[in-house]
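Please keep the viewer open as you read.

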Amino acid sequence: MTDLTHLNALQTRRRVRNQKISAGMRYVILFAVGLVMLYPLIWLVGASFKTNSEIFSSPGFIPAEPTLEGYRQGWETSTPFTFGRFFWNSFLIILPKTIGTAISCTLVAYGFARFDFPFKKILFGSVIAILLLPNVVTRIPQYILFRDLGWLDSFLPLWVPSAMAGDAFFVFMLVQFLRSIPPDMEEAARVDGCNSLQTLIYIVVPMLAPALISVCLFQFMWTMNDFLGPLIYLSSVDKYPVSLALKLSIDTTEAFEWNRILAMSVLTITPALIVFFVAQRYFIEGISAGGVKG
Amino acid sequence: MARVQLNNLEKVYGGGFKAVHGINLDIEDGEFMVLVGPSGCAKSTTLRMVAGLEEITGGEIRIGEQVVNTLPPGKRSIAMVFQNYALYPHMKVRKNLGFGLKIAGRPKAEIDAAIDDVARILEIEPLLDRLPKQLSGGQAQRVALGRALIKKPGVFLFDEPLSNLDAKLRASMRVRITELHKRLKERGLSSTVIYVTHDQTEAMTMGDRICVMQAGHILQVATPRDLYTHPANLFVASFIGSPEMNLIDGSMSDGMIRIGQQSVPVPAALDARLTAQPEAVVLGIRPQHLRLVTDGAPALEAKMTGAEFMGHEVNIHALLDGKQVVAVTSPAEYEAASRAGDRIRLRPDPEALHVFDKASGRNITRPAVMH
């Protein structure tokens, strides 16, 4: 009897030990892979505090003599404007674009998901078709259109199409999300006396919140990172957003001041990172519930 | 006044499928009308048309004296309780209750008073500051009920409100709803109810009248008692009552009823009630009215195949001409019969025996005069 108890205890101990070992292994592997993926980012942050000469002389990411020189000089830029101006420009594009996208895509998705109207199938089919269409194809016709409208060298071509539900991906994502919500609540609201718009505002939008947050996040990050759009439509330096401004510091100086570029790169990704971490919970809820896996 | 009238109401879906075939139904002010039928019989569609959630493709609906065909749901003086409650998930119970009044633009003080009033009646005061996801099924159901009650509508619409609850809760909610209906009526408030269910027990216990539907047609509208004692056709006969009515194929001629090889004379009490004399018939007899007999009087021979002991009574299962029948007896009678072997003799109560025309399915017996 005591032997048996002893044996049991031994087995339990062994099992616990094995579990610990396998957990340990798992964490080591995950940590290693995570490090490999994060290393460029860590290096970027480290190198932004180095002097220009140290960047190329030491491979490590911890600066020997940390300096803010890169940030100070980078912020000043080689143009008459500081980097703050470019951030402000980015903000002026992102704000109307994100808000406009959220409102317009919600309206369009609500229509597709909940109402029957003539040619609905064809229209929704064309939304999907736009989703599959390569962006490059429409660049030139769009450029000509905006040129004729006299919108060149303004922010309008960068945000107006999106604010008119031009981003088929977001419409599609919201339609899918809405389809997963049972219509009973909306029917209850109609019985309670709501018209379609009131139902949308009081009932649908709150339920759609996680998906809407994802939409705003995606739009925010994609706009922040968009390089081609501003490059095509903006020609005056005073209207450049940060994505273009970064490039600016590369080709206007003969010897590249890498530490300035890296310092400004760090600043550029900071807003996106902050926003992502703040809204992470909703973001994941939004994309997984909508069936669009990120 | 909130009388509800359905006149030749039709529903044809886009694909040409006809769900509701021109039904007529007149629901009195203050009446508790239950629409019952198997799934797919269009009872919910009918209710949703009354609510205005489903478009009407033919006929008209009147609530009060007004034709409401094209009115939006909010203007029809109705309130609806949904099967899965449909509480607004992002609003606390208090806001859920007050939402309808808020949309109607009532002053805040009035809304608050109404919320407190309803919460007291339904005993949901402690739940007012919870979110719907923090409620149990029964609590959510009471909140949904409250949301309907608070609007003081002319007509209450219930769409299978109890089917998501467990059996015990369902029984107590059933009583609560009927009591509530009675109370509204006593207070002189408009309290017409249209209640959709597939559960015949709910229909029988709650309804003032029951409307049995099948495949978009109304088969019979009657009080629970009339429906039970005099089903108009085979479908209603088999749908209402538990255990189910025994339906046995047979033929009738020359004053004899023949079932397979057996024949018995038509009892005088039945003969007087017959309204037609077709040859091929279906005999309908409820298990409670099928008696075990031991005397020599005419009866049907059957072979006992099993028995369910229910406590105060025993359901005997037997084969009669190759068909399963059920008879309800007392435990003592069952024991006496089972001692004598599996051959039993069953005699239907002629007063409660129904004869259906096999071709049309119609009941061709007049109701017996109740003693």
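Asp129(B) counts as exposed, at 52% relative accessibility; exposed means over 50% relative accessible area, buried under 20%, and partly exposed in between, with a 1.4 Å probe and protein chains only. Its side chain meets that of Arg94(B) in a salt bridge, 3.7 Å from N to O, a salt bridge being a side-chain nitrogen of Lys or Arg within 4 Å of a carboxyl oxygen of Asp or Glu. Because Arg94(B) lies in helix α2 of chain B and Asp129(B) in the loop between α3 and α4 of chain B, the pair ties together parts that are 35 residues apart in sequence. Arg94(B) is partly exposed, with a relative accessible area of 30%. Helices (H or I, at least four residues) and strands (E, at least two) are DSSP runs, numbered from the N terminus.

A word on conventions: this is a predicted model, where local features need pLDDT of at least 70 and side-chain atom pairs count only at pLDDT 80 or more, while totals for chains, interfaces and linings use all residues. Residues are numbered from 1 along each chain as its sequence is written, chains are lettered from A and ligands numbered from 1 in the order in which they are written, and side-chain values use heavy atoms, with hydrogens and water left out.

The structure holds 22 salt bridges over all chains. Some of them are set out here.

| Salt bridge | N to O distance |
|---|---|
| Arg94(B) with Asp129(B) | 3.7 Å |
| Arg106(B) with Glu110(B) | 3.1 Å |
| Arg147(A) with Asp148(A) | 3.5 Å |
| Lys151(B) with Asp192(A) | 3.6 Å |

Arg106(B) is partly exposed at 38% relative accessibility, and Glu110(B) is partly exposed too, with a relative accessible area of 38%. In chain A, Arg147(A) is partly exposed at 45%, whereas Asp148(A) counts as exposed at 58%. A network of salt bridges links Glu187(A), Lys11(B), Arg48(B) and Glu54(B).

Now to the contact between the chains. How much area do chain B and chain A bury between them? The value is about 1,600 Å², 64% of it on carbon and sulfur atoms; buried area is the accessible area (1.4 Å probe) that two parts lose on being put together, summed over both. In chain B, Tyr88(B), His90(B) and Ile103(B) lose the most area to chain A, together 30% of what that side buries. Chain B brings 22 residues to the contact and chain A brings 15 residues, contact meaning heavy atoms within 4.5 Å. Two salt bridges are counted between the chains. On the side of chain B that touches chain A, β6 (78-81) and α2 (93-103) each supply at least two residues, and α2(B) gives the most, with four residues.

Helix α2(B) is largely enclosed by the rest of the structure, because eight of its 11 residues are buried. Among them are Val93(B), Leu97(B), Phe99(B) and Ile103(B). The buried residues of α2(B) pack against α9 and α10 of chain A, together with α3 (108-122) and α4 of chain B. Just after α2(B), Gly105(B) takes a positive phi of about 80°.

Gly193(A), which follows α9(A), has a positive phi near 105°.

Chain B also has interior residues to look at. Met49(B) sits in helix α1 of chain B and counts as buried, at 0% relative accessibility. Leaving aside neighbours within four places in sequence, the contacts of Met49(B) include Leu9(B), Val20(B), Ile56(B) and Ile61(B).

Arg273(B) lies in the loop between α9 (268-271) and β14 (280-285) of chain B. Which side chain of opposite charge is nearest to buried Arg273(B)? It is Glu351(B), 6.1 Å away, and Arg273(B) has no salt bridge; Lys and Arg count as positive and Asp and Glu as negative, with His and the chain ends not counted.

Overall, chain B has 10 helices and 20 strands, and 50% of its 371 residues count as buried.
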